[in-house]
Amino acid sequence: MTHDELASQAERIDAYEALVQFLYRAPIGLVQAGLDGAVDMLNPMSSSLLMPLARDGSLDNLFEVLRDVAPQLPALAASFGQPSGVVCEGLRLPLGAAAVPGGPQVLSLSILKLDADRLMATVTDATAEVQREQERLARRLRTQARTDALTRMPNREAVLEQLQQMLARPAGGPGFALLFMNCDRFRQINDAHGQAAGDRLLVQVGERIRGALRPPCDRIDPQSGAGQMAARVGADEFAVLLDGLRGRDDAERVAARLLDTLARPHELFGQDVTCTLSMGLVWSGDAGNFAGEMLRDASTAMVEAKRAGGARCTVFEPAMRERAARRADIEADLRLALLEEQLFVVYQPVVGLGADGVVDHAAGVEALVRWRHPQRGIVPPIEFIGVAEESGLIGALGDFVLRRACRDFAAWQRALGPRAPRRMAVNLSRAQLAEPAWPETVRAVLRGAGMPAHQLQLEVTESLAAQDQEVQRRLHELKGIGVTLALDDFGTGYSSLSSLHQLPVDTVKIDRSFVCQADTSNHHRVLIEATVKVAQSLGMGTVAEGIETEAQARVVRELRCAKGQGYLFSRPLESEALLAWLADAAAAGATTAPAAA
Ligand code: C2E
Ligand code: CA
Ligand code: CA
């Protein structure tokens with residue numbers, strides 16, 4: 001051997017020694033064993049890691065040491081067919097009761113088959129890693145519990161938690177606001193287009209809301225007092241938290257921007273669908289101490305926005321709490337009223353206006369509901385129809401009125417024969433039309449009362465009749481039964497004379513606000529005249545509502561309005577009183593027209 005060769009051999013031996021030294025001191029447990037687990041060699045780290053598992057302190061056989069925590073190892077090694085390779089990798093071994101307090105709780109084991117009769121195992125302490133994994137998992141679960149599954153937006157819990165943190169900040173900090181939004185006609189859209197379309201719509205609404213905010217919009221840093229959070233807090237309800245505002249104006253500007261974007265139609269499976277939202281806004285200065293309370297206040301303001309026609313934002317004022325409480329009282333009382341039959345129906349005559357001044361008293365009546373409240377006396381419908389609509393009681397209320405009206409109508413027919421009123425008009429609410437089975441109810445009520453369908457007229461308002469295809473379809477279904485439809489309060493809503501032909505109605509009722517100025521304002525006269533002409537050209541009848549004076553009656557008759565209704569002829573009357581009124585009119589001779597007198 002040359003000097004160089006000797007030197008290089010010495011170097012190799014040094015390097016081998018260094019490797020052995022390194023493996024010996026390595027911060028990882030190393031074990032060399034036979035295929036049966038019999039230990040040939042192990043470094044100090046592996047003995048310290050394995051010692052808690054060793055029975056009688058013996059580490060002679062790896063499989064024996066690990067018998068309780070990994071009983072599968074002997075079989076695993078024996079069945080490993082290849083001459084070399086990975087037998088197992090990163091096997092987690094929880095030490096359980098064997099763990100030393102403060103020491104490793106979980107080991108990680110990998111076994112490599114080196115050749116026909118040797119295994120090399122590595123053992124490490126996996127405690128910290130397992131803990132980190134568990135924390136990650138817990139965080140994920142926590143986020144999941146605060147995330148809406150459909151839209152991936154934060155949910156109600158998340159908003160409440162965030163809000164509570166903001167409310168707990170010392171006074172004098174930055175202002176913030178909560179916006180609470182509810183889709184105006186979500187249920188109808190869901191019913192008409194299916195649940196998949198409804199889900200898609202909600203996702204799109206969520207995206208629009210986020211798009212209208214400055215990103216990021218799912219996070220608020222409670223310390224910096226800035227940021228915003230958009231969340232889905234109910235089936236068709238969304239909330240936006242705005243932090244770091246100078247004043248309420250800032251919040252109102254964002255609200256207006258949101259309403260603007262949300263008013264644009266959505267494309268749902270190839271169809272354009274409009275879904276406006278109603279919004280309530282609570283400014284931090286008006287908020288109470290609790291997140292739940294603030295959310296409730298925002299929802300109260302939202303309900304007011306909805307009541308005002310929807311697609312708008314209403315700013316919460318503390319007085320609204322009282323109004324909401326009163327409505328809740330009315331709702332509770334109304335529930336009882338339906339059960340205890342405190343509701344009853346009165347009938348206002350709708351008379352025919354002959355060109356010659358002849359008044360036809362038996363043309364028809366309109367059914368109007370009344371409530372005999374045990375403490376408050378007679379409550380007018382304006383005070384409870386809205387509450388009934390919002391609380392879902394309108395279905396029961398409307399059915400009651402329809403049933404009673406048809407029953408009374410049939411009774412008058414039996415009592416008076418040809419002198420009985422020829423038509424019964426009943427008011428319809430939006431919620432009744434939303435019910436797919438409602439036309440069937442109408443058919444059953446008519447059958448039960450023995451009343452021909454054409455003698456029933458259902459009154460709908462312009463805004464309702466002009467609404468969406470679903471409502472239109474239901475109205476056509478009703479016409480299919482044979483009932484007629486009247487457009488109530490014409491002139492107060494959105495649709496105009498030019499869109500009258502699109503509505504499936506037979507009669508137009510000209511609103512009292514026009515009729516009451518018929519004799520004093522030329523403008524109103526012209527409007528009435530135009531309405532009558534357009535209606536006639538479309539083959540529709542006309543009724544002038546709220547005629548109080550003979551002058552008004554004369555004008556509407558001259559304008560060829562076919563029928564009239566109002567205090568001039570009669571106030572709404574109970575069934576008995578109506579019969580008496582009809583009898584009086586008949587006795588006086590049908591030709592004595594009040595308007596001609
Ligand atoms: P509406 O359908 O426009 O009913 C006509 C209203 O005008 C009635 O008030 C009636 O009493 C009143 N009225 C009639 N003639 C005159 C008049 O010459 N002068 C004045 N100042 N008023 C007159 P009411 O009974 O208080 O009903 C108010 C509204 O409540 C109704 O307006 C209707 O929208 C709703 N409503 C009443 N009953 C029902 C019902 O059974 N179901 C539903 N959904 N709504 C109803
Ligand atoms: Ca009406
Ligand atoms: Ca009306």
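Start by selecting Arg152, which sits in the loop between helix H5 (127–145) and helix H6 (156–167). Helices here are DSSP runs of H or I with at least four residues, strands are runs of E with at least two, and both are numbered from the N terminus. Before you go on, know that this is a predicted model, where local features need pLDDT of at least 70, side-chain atom pairs count only at pLDDT 80 or more, and totals for chains, interfaces and linings use all residues. Residues are numbered from 1 along each chain as its sequence is written, chains are lettered from A and ligands numbered from 1 in the order in which they are written, and side-chain values use heavy atoms, with hydrogens and water left out.

What is the phi of Arg152? It is positive, about 60 degrees, although Arg152 is not a glycine. Most residues other than glycine have a negative phi. Arg152 is also exposed, with a relative accessible area of 53%. (Exposed means over 50% relative accessible area, buried means under 20%, and partly exposed is in between, using a 1.4 Å probe and protein chains only.)

Next, jump to Ala311, in the loop between helix H10 (291–307) and strand E13 (313–315). Ala311 has a positive phi too, about 55 degrees, and is not a glycine. With a relative accessible area of 42%, Ala311 is partly exposed.

**The calcium ions**

Now select the calcium ion (ligand 2). Which residues are its protein donors? They are Glu366 (OE), Asn427 (OD1), Glu459 (OE) and Asp488 (OD), lying 2.1 to 2.3 Å from the ion. Donors are N, O and S atoms within 2.8 Å of the metal (3.2 Å for Na, K and Ca), and water is not among the atoms, so sites may look incomplete. Along the chain, the donors of the calcium ion (ligand 2) follow the spacing E-x60-N-x31-E-x28-D. Two of them link distant parts of the chain: Asn427 is in strand E17 (residues 424–427) and Glu459 in strand E18 (residues 456–461), 32 residues apart. Color these two by accessibility if you can: Asn427 is partly exposed at 29%, whereas Glu459 is buried at 2%.

Slide over to the calcium ion (ligand 3). It lies 3.9 Å from the calcium ion (ligand 2), and Asp488 coordinates both. Asp488 lies in strand E19 (residues 484–490) and Glu545 in the loop between strand E21 (541–544) and helix H20 (550–558), so the pair ties together parts that are 57 residues apart in sequence. Are these two buried or exposed? Asp488 is buried, at 7% relative accessible area, and Glu545 is buried as well, at 10%.

Just after H20, click Arg560, which takes a positive phi of about 70 degrees.

Then select Ser429, in the loop between E17 and helix H14 (430–434). Ser429 is buried, with a relative accessible area of 7%. Which residues does Ser429 touch? Leaving out residues up to four places away in sequence, they are Ile385, Glu389, Ile394 and Leu464. (Contact means heavy atoms within 4.5 Å.)

**Two helix pairs**

Show helix H15 (residues 438–449) with helix H17 (residues 469–481): their axes come within 9 Å and cross at roughly 20 degrees. That makes H15 roughly parallel to H17. (Angles under 35 degrees count as roughly parallel, over 145 as roughly antiparallel, 65 to 115 as roughly perpendicular and the rest as oblique; axes are lines fitted to C-alpha atoms, for helices over the stretch in contact, and angles run from 0 to 180 degrees between N-to-C directions.) Trp438, Pro439, Val442, Arg443 and Leu446 in H15 meet Arg474, Glu477, Leu478 and Ile481 in H17.

Last stop: helix H13 (residues 394–416) and helix H21 (residues 575–588), which pack at about 35 degrees with axes 12 Å apart. Select Asp408, Trp412 and Leu416 of H13 together with Ser575, Leu578, Leu579 and Leu582 of H21 to see the contact.
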